[in-house]
Amino acid sequence: MAAPRDKFGRPIVVVTGMGIVTSLGAGKVDNWKRLTAGESGIKTVTRFPIDGLKTTMAGAIDFVSVEPFSSTSLSERLAVMATEEALGQSGVGRKGDFPGPMFLAVAPVETEWPQRIEVARAVPTKDFGIIEYLAACGNGQFTEFHRRFTFGSVALNLAETFGTKGSPISLSTACASGATAIQLGVEAIRRGEADAALCVATDGSVNPEALVRFSLLSALSTQNDPPQGASKPFSKNRDGFVMAEGAGALVLESYDAAMARGAHILGVVAGCGELTDSFHRTRSSPDGKPAIGCVRKTLADAGMEPNQIDHINAHGTSTPENDKMEYLATAAVFGDHTAKIPVSSNKSMVGHTISAAGAVEAIFSLLTLEHQRIPPTINYEVPDPAIPFDVVGNKARDAKVTAVMSNSFGFGGQNASLIMTREPA
């Protein structure tokens, strides 16, 4: 009997395992319970001094400790936690032997100043040539520093830990990174290069430098009191996003491979698409053309019409410009159907997990399909009349949901969208 294919003759890509860590907690159960209850994980920063900072709150993950601390080390630890949960649910392969490649979305590693100073202090003051450097590496003197400083180190560690096959791919497409990692996994399975793929996204970069840099871009909310009320997507009084940390991991498999081993299918990645513009290094084009193209490509990839989408898990950053652009782009594609689609932003509760956001929100979208319950957008008290979405405001909504579109519209116009469904077409 021939293996099932989608309407384009490609292998159907399903999800058999998911793992998640956000400021709401570790694991799908706690995250979903608190998300649908409208709870916030955003709080005043306690990890470092906040004197003089304009923004003093974040969705920091303080219940996970790493020693010595660095954003790289925390990103790696969060990725391990999410991956362990995803593999435990999927049951594919065995520990240290995953039968496929890995695609990891991670922030470009730029180690913080405390670690740079530590490295400087460790380097001998005498002339230190290549021979001496190689000798020091050989005896382990710089192993930890090298691991922290090398982009791709997180992916290499995960590949060694979980035994993935093929070169681990580290990628960064700004806030779209998590969705891009999933798209690469989908495409690898569709091409027949693998029966399974591990797609992970992680970000542990709540640190003073990051807060200062985003503040200089006027991108962060400064509504610090109360911190839980700072992120208010689609509200008239929104003033910026809230930085956050998190990780999401998904095990993707071809439908026939999953069925052959009796796996439980959690959902289908029916479509994915991307489109980038060159409008500005951080801003997206205000007319939304790249986002419009991205959404249309995703619908076409899934072979679906706009009226088949039951829910949009919006990018919804809570920045004045991006929220408006997202509405304009959505309305351009969905037309009259726009007002009928329930829209929500998980970032109102977990904050913006930057590189991890696309994967974290894909998991929340799959949980929405599983539980037939749409999480709320909290802090939605003053709707923006220029954004007449059907926002699921403040309280979760039970609804019949068969297809969800999850959007990730990142810095520099790096856009990616996914469509998840309950069952294979």
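How exposed is Lys297: buried, partly exposed or exposed? Lys297 counts as partly exposed, with a relative accessible area of 38%. With that residue as our way in, let us take a walk through this predicted model.

The side chain of Lys297 meets that of Glu274 in a salt bridge, at 3.3 Å from N to O. Because Glu274 belongs to strand β9 and Lys297 to helix α10, the pair ties together parts that lie 23 residues apart in sequence. Glu274 is partly exposed as well, with a relative accessible area of 33%.

Salt bridges can also share partners: Asp6, Arg10, Arg190 and Asp301 are joined in this way into one network. Asp301 brings us back to helix α10, where this residue is buried.

Helix α10 covers residues 289–302.

How much of α10 is covered? Mostly covered is the answer, since 10 of its 14 residues fall under the 20% relative accessible area that counts as buried. Just after the helix, Gly303 takes a positive phi of about 65°.

Eight of the eight residues of β15 are buried, so the strand is largely enclosed by the rest of the structure. In a regular strand the side chains alternate between the two faces of the sheet. Here, Ala403, Met405, Asn407 and Phe409 point one way, while Val404, Ser406, Ser408 and Gly410 point the other way, and all are buried.

Which strands pair with β15? Strand β10 (residues 311–313) pairs with β15 in the parallel sense over three bridges, and there Ile312 stands opposite Met405. Strand β16 pairs with β15 in the antiparallel sense over eight bridges, with Ser406 opposite Leu418. β15 and β16 form a hairpin that has three residues between its strands. Gly412, in the turn, has a positive phi of about 70°.

In soluble globular proteins, nonpolar side chains tend to be buried together. In this model the largest nonpolar core has 44 residues, and those with the most contacts inside it are Val15, Ile182, Leu250, Leu252 and Phe364. Helix α13 (residues 357–371) gives the largest share of this core, eight residues. Apart from it lies another core, of 28 residues, which includes Met81, Ala82, Ala196 and Ala247.

What does Leu250 touch, leaving aside residues up to four places away in sequence? Its contacts are Val15, Gly17, Ile182, Ala197, Leu198, Cys199, Ala359, Ile363 and Leu366.

Asp62 is partly exposed, at 37% relative accessible area, and so is Arg47, at 24%.

Glu39 and Arg34 form another salt bridge, with 2.7 Å from N to O. Glu39 is partly exposed, with a relative accessible area of 35%, and Arg34 counts as partly exposed at 26%.

## Cysteines without disulfides

A disulfide is a covalent bond between the sulfur atoms of two cysteines. How many disulfides does the structure hold? It holds zero. Take Cys272 as an example: the closest cysteine sulfur is that of Cys294, 9.9 Å away, which is too far for a bond. Cys272 is buried, at 5% relative accessibility. Cys175 counts as buried too, at 8%.

Definitions and conventions. Residues numbered from 1 in each chain as written. Predicted model: local features only at pLDDT ≥ 70, side-chain atom pairs only at ≥ 80, totals over all residues. Heavy atoms only, no water. Core = buried A, V, L, I, M, F, W, Y, C linked by side-chain atoms within 4.5 Å. Buried < 20%, exposed > 50% of the residue type's maximum accessible area, 1.4 Å probe, protein only. Helix = DSSP H or I, 4+ residues; strand = E, 2+ residues; numbered from the N terminus. Contact = heavy atoms within 4.5 Å. Expected span 1.5 Å × (residues − 1). Salt bridge = Lys/Arg side-chain N within 4 Å of Asp/Glu carboxyl O. Disulfide = S-S within 2.5 Å. Pairing = 2+ DSSP bridges.
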